[in-house]
Amino acid sequence: LTAKEICASCQRVQPPFDATFSLFRYQEPVDLLITNLKFRHELAPARVLGMLFARAWRCASRPLPQCLIPLPLHAARYRERGFNQTAEIARHLAPRLRDAAGRRLAVRGELLQRVRATAAQSELDATARAANLQGAFRAGGGAMPAHVAVLDDVMTTGATAHECTRAL
């Protein structure tokens, strides 16, 4: 990445992850797709987002990771929602990304666990977001590949990406 591609915050303090890749800005109509997916249990946006993300990834000519890790929900949040929205997006994204041998990208949800329930990040400022997530994740079972991608539905301050990477 060039200096122009790195945000000022990351230029001051290097994050523990190598890069981020965002499909859209979180604004209308994308915010409605995410909201409907997460809170109205409409699963169709997961398919649309997975398809569009795969297309954008291929067009960007980014190297494929060895696996995709959907951001885990805490067990209580999972029971409340009944599904994990990032796992739903990953379900549609992974089959559309294949390596040079034609193998689909593996989804490895077991590699990261959310071990602590946290407050909703959307209600917090940047400092509180980072504090809210401290110790919320830990690496799960299984050998960790050298190159992984953690999939989340929304990235604002990067606090979640930072904490997940630290845990992994």
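A crossing of two helices is right-handed if the near helix is turned clockwise from the far one by less than a right angle. In this predicted model, the crossing of α6 and α7 is right-handed. Helix α6 spans residues 126-133, and helix α7 spans residues 159-167. Their axes come within 9 Å and cross at roughly 30°. Angles under 35 degrees count as roughly parallel, and α6 and α7 are therefore roughly parallel to each other.

The contact between these helices involves named residues on both sides. Helix α6 contributes R129, A130 and L133. These meet A159, T160 and E163 in α7. By class, the contact of α6 with α7 has 3 nonpolar, 1 polar and 2 charged residues.

The largest nonpolar core holds 18 residues. Within this core, L68, I89, L93, L97 and L151 touch the most other members. Four elements each supply at least two residues of the core: α2 (30-39), α3 (44-59), α5 (85-93) and β5 (148-151). Helix α3 gives the most, with 5 residues.

The contacts of L93 were examined individually. Residues up to four places away in sequence are not counted here. On that basis, L93 touches G50, F53, A54, L68 and L151. Two of these partners, L68 and L151, are themselves among the core residues that touch the most other members.

A second core is separate and has 11 residues. Among them are I69, L112, F137 and A159. A159 also belongs to the contact of α7 with α6.

Notes
Residues are numbered from 1 along each chain as its sequence is written. This is a predicted model: local features need pLDDT of at least 70, side-chain atom pairs count only at pLDDT 80 or more; totals for chains, interfaces and linings use all residues. Side-chain values use heavy atoms; hydrogens and water are left out. Axes are lines fitted to C-alpha atoms, for helices over the stretch in contact, and angles run from 0 to 180 degrees between N-to-C directions. Angles under 35 degrees count as roughly parallel, over 145 as roughly antiparallel, 65 to 115 as roughly perpendicular and the rest as oblique. Contact means heavy atoms within 4.5 Å. Ala, Val, Leu, Ile, Met, Phe, Trp, Tyr, Cys and Pro count as nonpolar, Asp, Glu, Lys and Arg as charged, and the others, Gly among them, as polar. A nonpolar core is a set of buried Ala, Val, Leu, Ile, Met, Phe, Trp, Tyr and Cys residues joined through side-chain atoms within 4.5 Å. Buried means under 20% relative accessible area, exposed over 50%, partly exposed in between (1.4 Å probe, protein chains only).
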